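I opened the notebook to look up pockets and ring contacts. The entries follow in the order in which I made them.

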Amino acid sequence: MEVSNSVQEPRFLLPIVMDQLLEPDKCKEIIEIADRYTPEHGRVGNEVNAYRKTVVRRMERDDHSAPLWDRLYDLVQEINARHFGLDITGILPPECTTYVPGYGHFGWHTDINYKAPDLVRKLSVIIQLSSPADYEGGELQVFNGEPTALDKRHGAIVAFPAFVQHRVTPVTQGMRTSLVVFSQGPAWR
């Protein structure tokens, strides 16, 4: 597949949804890789608080995750080239995040990291790893004048610039699992 490096019309404020879904067996494979990593409470900055109630498995690059990291980096580069044209130099450790009733929401936020101004998060890519039949609630929403729910089909891939405000509404039944990939690059210009 050939990808052009030129962007005709950047849509910086609009999330994009990839036409192609990740196949269910690939979603399962990502969850199995993530299960090798220690679960942690989701944090806002360095704090665990009620604003974000999730369980996160941060997949540092190692022998188990390296092939996945490579595929995710290629995916981020493809999405960026087609839709955003941002200055991206790499990705951060992918985060497999689970949401369950009573411990499954993340209030309105952006993904910008203000603590490292010379290397910032640029693009957020989220892959829906669970089927919408597996849970209720748990909508990924962006704020575009009003809350707008994004695609929650099994294997859906959505992306938006890290400065776009978004949230995950509370899961009321079952379990929602997603993979979040943050790309990084030099400070915004």
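I began with the second largest pocket of this predicted model. I counted 22 residues in its lining, and Gln-20, Leu-22, Leu-75, Glu-78 and Ile-157 are the ones nearest its centre. Strand S1 (16-17), helix H1 (24-34) and helix H2 (66-84) each give two or more residues to this lining. H2 gives the most, with eight residues. By class I noted 12 nonpolar, two polar and eight charged residues. The space in the second largest pocket is about 520 Å³.

Next I looked up the largest pocket, which holds about 720 Å³ of space. Its lining has 28 residues, with Arg-43, Val-44, Gly-45, Arg-52 and Arg-121 nearest the centre. Among the elements that give two or more residues to it are strand S8 (119-128) and strand S15 (176-186). S15 gives the most, with four residues. I sorted the lining of the largest pocket into 12 nonpolar, eight polar and eight charged residues.

Arg-121 came up again when I checked the rings: it lies over the face of Phe-182, 4.0 Å from the ring centre.

How many aromatic pairs does a search of the whole structure find? I found one. The ring centres of Trp-108 and Phe-143 are 5.7 Å apart and the planes stand at 85°, so I wrote the pair down as edge-to-face. Trp-108 is in strand S7 (residues 105-109) and Phe-143 in strand S10 (residues 140-143), 35 residues apart, so the pair links distant parts of the chain.

Trp-108 is partly exposed at 23% relative accessible area, and Phe-143 is partly exposed at 42%.

Conventions
Residues are numbered from 1 along each chain as its sequence is written. This is a predicted model: local features need pLDDT of at least 70, side-chain atom pairs count only at pLDDT 80 or more; totals for chains, interfaces and linings use all residues. Side-chain values use heavy atoms; hydrogens and water are left out. Rings of Phe, Tyr and Trp (its six-membered ring) pair if their centres lie within 6.5 Å; planes under 30 degrees apart count as stacked, over 60 as edge-to-face and the rest as tilted. Buried means under 20% relative accessible area, exposed over 50%, partly exposed in between (1.4 Å probe, protein chains only). A charge sits over a ring if NZ of Lys or CZ of Arg is within 6 Å of the ring centre and within 35 degrees of the ring normal. On a 1 Å grid over the protein atoms alone, a cavity is a set of points where a 1.4 Å probe fits but cannot get out, and a pocket is an open set with protein on both sides within 12 Å along at least five of seven lines; lining residues have an atom within 4 Å of a point. Grid points are joined across faces, edges and corners, and a volume is the space filled by probe spheres set on the points. Ala, Val, Leu, Ile, Met, Phe, Trp, Tyr, Cys and Pro count as nonpolar, Asp, Glu, Lys and Arg as charged, and the others, Gly among them, as polar.
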